[in-house]
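Take a look at the model below.

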Amino acid sequence: MSLLSVNQLKKYFPLRGRFLGSSGYIRAVDGVSFKVNSGETFALVGESGSGKTTVGFLVLGLLRPTEGEVYFKGEDLFNLRVEEMRRIRRSMQMVFQDPYGSLNPRQTVGGMLKEVLSFHHVVEPDLVEGRAEEILRLVGLKPVCKSRYPHEFSGGERQRIAIARAISLEPELIVADEPVSALDVSIRGQILNLLRELQEKLNLAYLFIAHDLAVVRFISQRVGVMYLGKLLEVADTEKLFKKPLHPYTKALLSAIPIPDPGRRKKEDLLSGEMPDALGKLSGCRFSSRCPYVREKCRREEPPLVEVEEDHFAACHLIKPQAVDSYSDSDSR
Ligand code: SF4
């Protein structure tokens, strides 16, 4: 059984005011299925506005879906009683892009950790102090840091503190939403290495949300490529980077700087802006930017199908090689 199973998840936000002339909804997430196993990193990648962060909020139960299911260790998150949900929420934590915004500026680091440990009864009261120091060591900070406030730390150190708070509840899954994109390039590698070390030590699973493909390649075992609320391609990370199938994935990969840009195929370059997700979307969502678009693409939405073993893509031009389609049952 997977640690996390997401099944045909949808989230439509109702529109108000001057946008009411449209169908009345923004389809932020529009039928997304995937699974994350214990100790694994599954990355969601795509441009801003693709719905990745909304998926993260839905997975943590911070938003209720319009349709669909999220199972955590076999339990249906949206059909739990409040106290059951509270118990499960301890096992699922989030790390945000902006560590400063997610920390209380008036609380010392030690005070924050001790409050979390005590409130959730993670350890006996007489062990709280020692456990807080142990967590600081785990994220690469000295125990003396516990008497300092968030503004006294650098950006990278603050992200270590945010990670410390997340692991203090001994979670099994962390939703990491762009956790290194606000940091200096020189610091990013250190935080990514820390996340990998913690994954190994604590058997953590990550749902890693990012737009930077180099980061995704480094940290994840599997990747889902999102566009306008849908997954267009899902594969093992190395497979996806070595042999991308979907035109959108190829375009994203083409945007990574290489020494000789002249070797790129013109068709693979991404042009135009992603359209908005207002109203009813017909046909392939990528059709307005796809260099290979056909008449059929504008009429029919291609389903996400297994093209080769564990490699799924949603494109009319990609033919499956005698494998079953990516059904709901596959995601459990
Ligand atoms: Fe392009 Fe058509 Fe494939 Fe969509 S279905 S990605 S428009 S070729």
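Is Y25 buried or exposed, or partly exposed? Y25 is partly exposed, with a relative accessible area of 38%. Buried means under 20% relative accessible area, exposed means over 50%, and partly exposed lies in between (1.4 Å probe, protein chains only). Y12 is buried, at 16%.

This is a predicted model: local features need pLDDT of at least 70, side-chain atom pairs count only at pLDDT 80 or more, and totals for chains, interfaces and linings use all residues. Residues are numbered from 1 along each chain as its sequence is written, and side-chain values use heavy atoms, with hydrogens and water left out.

Start with the open sheet of 4 strands. Its order is β2-β1-β4-β5, and the pairing is antiparallel. β2 (25-36) and β5 (75-76) stand at the edges with a single partner strand each, so one side of each has no neighbour in the sheet. Strands are DSSP runs of E with at least two residues, helices are runs of H or I with at least four, and both are numbered from the N terminus. Two strands pair if DSSP finds at least two bridges between them. β4 (residues 67-72) and β5 are joined by 2 bridges in the antiparallel sense. F72 has E75 in β5 as its bridge partner.

Now the open sheet of 8 strands. The order is β6-β7-β8-β3-β9-β10-β12-β11, with mixed pairing. β6 (92-95) and β11 (305-308) are its edge strands, and each pairs on one side only. Strand β3 (residues 41-45) runs parallel to β8 (residues 205-210), and 5 bridges join them. A43 has F208 in β8 as its bridge partner. Helix α6 (residues 185-202) packs on this sheet and touches β3 and β8. Contact means heavy atoms within 4.5 Å. The direction of α6 makes about 160 degrees with that of β8. Axes are lines fitted to C-alpha atoms, for helices over the stretch in contact, and angles run from 0 to 180 degrees between N-to-C directions.

Next come the rings. The structure holds 5 aromatic pairs. Y12 and Y25 form a tilted one, 6.1 Å centre to centre with 55 degrees between the planes. Y12 lies in strand β1 (residues 4-14) and Y25 in β2, so the pair ties together parts 13 residues apart in sequence. Rings of Phe, Tyr and Trp (its six-membered ring) pair if their centres lie within 6.5 Å; planes under 30 degrees apart count as stacked, over 60 as edge-to-face and the rest as tilted. R27 lies over the face of Y12, at 4.6 Å from the ring centre. A charge sits over a ring if NZ of Lys or CZ of Arg is within 6 Å of the ring centre and within 35 degrees of the ring normal.
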